[in-house]
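Subject: Structure handover

Hi,

Here is the structure I promised to pass on. My notes follow below it.

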Amino acid sequence: MKINTHIGRYAPSPTGRMHLGNVFTALLSWLSTRSKNGKWVLRIEDLDPQRSKTEYTAMIEDDLQWLGLSWDEGGTANSGNNGPYNQSARNHIYQSFLEQIYNKRLLYPCSCRRSDILATQAPHQSDGRIVYAGTCRPATEPPFPVFSLKGNTVRVWTPDEEMHFTDIICGEQNGNLAVNCGDFILRRADGAWAYQLAVVVDDAMMEITEVVRGNDLLLSTFQQLYLYKLLGLTAPKFAHVPLICNANGQRLSKRDNSLSMETLRREYKPEHIIGHLAHLCGLTESAYMISAQNLIEIFDWRKIKRQDKIILQ
């Protein structure tokens, strides 16, 4: 029996129609996986019940198929052995992993409101993140006192510890957990799961070996590697790709209707879009029509541009 040694994934949030930047990330993940004869997983990250809609999930799947980006596991069909593949159905799984960290006595309840934190601290570095000052952290070092996980916002203690990893695109990355991350939330008081915990648990349980995503999430990797370590899980490799930005240098959002898949599908063929993205990122020397399938043989991470942004002209 053949065993997949490379498992990639695409994990969109069904909060709107995909735009060109979403397609870019999906394409590079798919190409990397297919070039290694691996397995590609489609996971639906619908943690936000107010914004996530099943109709957007259907559109994402239809757009991926139209582009020629087929998946081997997951999606609404929940095909595969590591499901369910939508996060809204995985609450019991997240709870069990939260309790593992709780049993290490590294968690504490936090009563701070976001507005309180924003009012007392400046954004950290250039990404605008706020590093928590530890207002609610117990006065003593771990192990912390027991408390009820139910009804409390839960934070995890981070030590003054250096962390390192090598990104496929961005190279060597160094950070300090206390300085760069601070104590971060794993679950809100209303029961909503934090992205950091959910993505670590899901990628580990789905046996993902390579995560391809935008470089706006580069610093989050330190938090996630810390959780992998606490939970005794194997971390994947990471590739943080440049962000596709409009002519003003602003990253694309699902509000950019002119670059949404709804508009792009009316005006272009899949090969136009794939070819344009391949040229933008450095896979091809010029823009020409090409299918995703025909890009597999020329894919190489070393060709991808090492830059924060790709500006659309």
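Please keep in mind that this is a predicted model. I start with a pocket, then turn to the helices.

**Second largest pocket**

Helix 9 gives the largest share of the lining of the second largest pocket, 5 residues. The pocket holds about 210 Å³ of space. Its lining counts 14 residues, and L264, Y268, H272, I273 and H276 are the closest to the centre. Helix 8 (261-267) and helix 9 (270-281) each supply at least two lining residues. By class, the lining has 8 nonpolar, 4 polar and 2 charged residues.

**Helix 3 against helix 7**

The axes of helix 3 (residues 91-103) and helix 7 (residues 220-231) come within 10 Å. They cross at roughly 75°. The two helices are therefore roughly perpendicular to each other, as angles from 65 to 115 degrees count as such. Helix 3 makes the contact with F97, Q100 and I101, and helix 7 with L227, L230 and L231. This contact has 5 nonpolar residues, 1 polar residue and no charged ones.

**Helix 6**

How many of the 11 residues of helix 6 (residues 195-205) are buried? The count is 9, so helix 6 is largely enclosed by the rest of the structure. The buried residues are Q196, L197, A198, V199, V200, V201, D202, D203 and A204. What covers them includes helix 3 and helix 7. Strand 1 (7-10), strand 8 (184-187) and strand 9 (210-214) are also part of that cover. After helix 6 comes E207, with a positive phi near 60°.

Best wishes

Definitions and conventions
Residues are numbered from 1 along each chain as its sequence is written. This is a predicted model: local features need pLDDT of at least 70, side-chain atom pairs count only at pLDDT 80 or more; totals for chains, interfaces and linings use all residues. Side-chain values use heavy atoms; hydrogens and water are left out. On a 1 Å grid over the protein atoms alone, a cavity is a set of points where a 1.4 Å probe fits but cannot get out, and a pocket is an open set with protein on both sides within 12 Å along at least five of seven lines; lining residues have an atom within 4 Å of a point. Grid points are joined across faces, edges and corners, and a volume is the space filled by probe spheres set on the points. Helices (H or I, at least four residues) and strands (E, at least two) are DSSP runs, numbered from the N terminus. Ala, Val, Leu, Ile, Met, Phe, Trp, Tyr, Cys and Pro count as nonpolar, Asp, Glu, Lys and Arg as charged, and the others, Gly among them, as polar. Axes are lines fitted to C-alpha atoms, for helices over the stretch in contact, and angles run from 0 to 180 degrees between N-to-C directions. Angles under 35 degrees count as roughly parallel, over 145 as roughly antiparallel, 65 to 115 as roughly perpendicular and the rest as oblique. Contact means heavy atoms within 4.5 Å. Buried means under 20% relative accessible area, exposed over 50%, partly exposed in between (1.4 Å probe, protein chains only).
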